[in-house]
Amino acid sequence: MRRLTERMNLASMILKDLSRCAMRRTDLEHNTLKCGGTHATFESIFYYLIQGGFIQKSSTRHLAKYAITEKGKKLLEALK
């Protein structure tokens with residue numbers, strides 16, 4: 001259960017960062033690593049958030065920033 005709580009906290013942190021402003025993937029990963037996450041943990045959480053429609057790329061460019069969606073805002077509220 002502890003690992004699930006850790007992962008939800010990291011997902012909440014990613015969503016909070018994106019609710020402030022759109023960010024590049026590498027910036028989100030650096031923030032996650034600073035808070036005690038690992039590369040593998042970030043990858044799995046990030047993939048889950050994209051596939052679930054909680055975050056999306058703001059354009060089709062290779063280094064485009066990611067932004068939170070309405071669905072992501074609702075999840076962020078539920079995680080608080």
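Predicted model: local features only at pLDDT ≥ 70, side-chain atom pairs only at ≥ 80, totals over all residues.
Let's call a residue buried when its relative accessible area is under 20%, exposed when that value is over 50%, and partly exposed in between, using a 1.4 Å probe and protein chains only.

Residues are numbered from 1 along each chain as its sequence is written, and side-chain values use heavy atoms, with hydrogens and water left out.

Aromatic pairs are rings of Phe, Tyr or Trp (its six-membered ring) with centres within 6.5 Å; planes under 30 degrees apart make a pair stacked, over 60 edge-to-face, and anything else tilted. The whole structure holds three such pairs. F42 and F46 make a stacked one, with 5.1 Å between centres and 25 degrees between planes.

Now look at F54, which is buried at 9%, and Y48, which is partly exposed at 47%. Their ring centres are 5.7 Å apart with planes at 35 degrees, so this pair is tilted. F54 also has K71's charged end sitting over its ring, 5.1 Å from the centre (the criterion is NZ of Lys or CZ of Arg within 6 Å of the ring centre and within 35 degrees of the ring normal).

F54 also leads us to L49. Neighbours within four places in sequence aside, L49 is in contact (heavy atoms within 4.5 Å) with A11, I14, L15, F54, I55 and L75. L49 is among the residues with the most contacts inside the largest nonpolar core, as are I14, L15, L18 and L28; this core has 18 residues. A nonpolar core means buried Ala, Val, Leu, Ile, Met, Phe, Trp, Tyr and Cys residues joined through side-chain atoms within 4.5 Å. At least two of its residues come from each of α1 (2-20), α3, β2 (66-68) and α4 (70-79), with α1 giving the largest share, six. In soluble globular proteins, nonpolar side chains tend to be buried together.

Conventions
Helix = DSSP H or I, 4+ residues; strand = E, 2+ residues; numbered from the N terminus.
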